[in-house]
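Subject: A structure for you to look through

Hi there,

Here is the structure I promised to pass on to you. Please open it first, and then read my notes below with the model beside you.

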Protein chains: 2
Amino acid sequence: MEVIEEMLSKPHNAQQCKARLNAVGDAIYVIGGKWKLRIIIALSEGNRRFNELQRVIGGISARVLSNELKDLEINGFVKRNVYPNTPVIVEYELTEYSQTLDHVLQALADWGAMHREKIKSMS
Amino acid sequence: MEVIEEMLSKPHNAQQCKARLNAVGDAIYVIGGKWKLRIIIALSEGNRRFNELQRVIGGISARVLSNELKDLEINGFVKRNVYPNTPVIVEYELTEYSQTLDHVLQALADWGAMHREKIKSMS
């Protein structure tokens with residue numbers, strides 16, 4: 001594991017640079033795009049139904065949300081619970097594996113807030 | 001600042017969830033997409049010319065790389081240096097501000113490497 005950590009630290013040579021490019025590329029492939037992390041944040045407060053989720057996130061179409069939720073389910077971040085009442089209730093829930101993204105989400109949230117402050121102070 | 005940190009911590013209520021959604025949304029708006037972080041990683045090893053950059057990153061067209069570099073310049077992550085030799089040499093360099101992304105890059109690199117290991121162990 002130490003070898004991997006060394007490989008992924010701030011690049012000082014071509015090999016480290018390549019390792020970091022690959023690892024970040026993998027992450028972007030799975031959780032990149034405009035919506036996936038936002039859906040995960042919106043579910044972190046508690047399970048939600050499709051319409052609630054769409055309202056909380058804002059600006060996402062039903063078709064895109066539906067596709068993103070399927071991707072998130074396939075990749076093990078989200079669980080879809082169906083309660084066969086009348087009418088049927090479908091609820092989305094975060095899996096334990098989604099917690100592995102905590103550091104990523106915290107780093108992005110901190111950076112986004114810092115960057116917004118910087119832009120505000122410039123204008 | 002403590003208030004902001006509290007707001008951006010793991011969401012336990014609707015207000016924290018909204019703050020985190022906004023902050024991560026801001027981050028994705030500026031550094032999201034398939035290429036920007038990869039370009040920054042590729043430049044972290046040292047300044048590079050356009051063609052070198054395209055080769056190191058891999059899979060990016062000249063047109064897309066050119067647009068992404070312009071965006072990165074506008075947002076203060078990259079500096080474009082022109083040396084008026086014959087032929088003219090154009091080199092791209094990271095700014096100091098790009099270092100504010102260190103935590104984000106480290107978190108994504110760690111997560112990407114962990115996720116790849118998980119996928120490998122499953123197959």
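Where is the place of B:Pro87? B:Pro87 sits in the loop between strand 2 and strand 3 of chain B. Helices and strands here are DSSP runs numbered from the N terminus, where a helix is H or I over at least four residues and a strand is E over at least two.

Before going further, a word on how to read all this. This is a predicted model, in which local features need pLDDT of at least 70 and side-chain atom pairs count only at pLDDT 80 or more, while totals for chains, interfaces and linings use all residues. Residues are numbered from 1 along each chain as its sequence is written, and chains are lettered from A, with ligands numbered from 1, in the order in which they are written.

The sheet of chain B

The peptide bond between B:Thr86 and B:Pro87 is cis, and its omega is near -5°. This belongs with the hairpin, where five residues join strand 2 of chain B to strand 3 of chain B.

Those strands are part of an open sheet of three strands in chain B, with the order 1-3-2 and antiparallel pairing. Strand 1 (48-49) and strand 2 (78-83) of chain B are at the edges with a single partner strand each, so one side of each has no neighbour in the sheet. Two strands are said to pair if DSSP finds at least two bridges between them. Strand 1 of chain B pairs with strand 3 (residues 89-94) of chain B over two bridges, and strand 2 of chain B pairs with strand 3 of chain B over six bridges. To find these pairs on your screen, look for B:Arg48 opposite B:Tyr92 and for B:Val82 with its bridge partner B:Val90.

Helix 2 of chain B

How far apart are the end C-alpha atoms of helix 2 of chain B? They are 25 Å apart, which agrees with the 26 Å that its 18 residues (14-31) should span at 1.5 Å a residue. The expected span is 1.5 Å times one less than the number of residues.

Several residues of helix 2 of chain B are buried, including B:Leu21, B:Val24, B:Ala27 and B:Ile31. A residue is buried if 20 or more other C-beta atoms lie within 10 Å of its own, exposed if 12 or fewer do, and partly exposed in between, with C-beta atoms placed from the backbone. Just after helix 2 of chain B comes B:Gly33, with a positive phi of about 90°.

Chain A

In chain A, three strands make an open sheet in the order 1-3-2, with antiparallel pairing. Strand 2 and strand 3 (residues 89-94) of chain A pair over six bridges, and strand 1 and strand 3 of chain A pair over two bridges. A:Tyr83 stands opposite A:Ile89. A hairpin of five residues links strand 2 of chain A to strand 3 of chain A. The loop between these strands holds A:Pro87, which is joined to A:Thr86 by a cis peptide bond with omega about -5°.

Helix 3 (residues 36-44) of chain A lies across strand 1, strand 2 and strand 3 of chain A, at about 100° to strand 3 of chain A. Such angles run from 0 to 180 degrees between N-to-C directions, and axes are lines fitted to C-alpha atoms, for helices over the stretch in contact.

Is A:Ser66 buried or partly exposed? A:Ser66, found in helix 5 (residues 62-74) of chain A, counts as partly exposed because it has 13 C-beta neighbours inside 10 Å.

Where the chains meet

The contact takes 40 residues from chain A and 40 residues from chain B. Two residues are in contact if their C-beta atoms, placed from the backbone, lie within 7 Å. Helix 6 of chain A gives the most to the side of chain A that touches chain B, with 14 residues.

Enjoy exploring!

Best wishes
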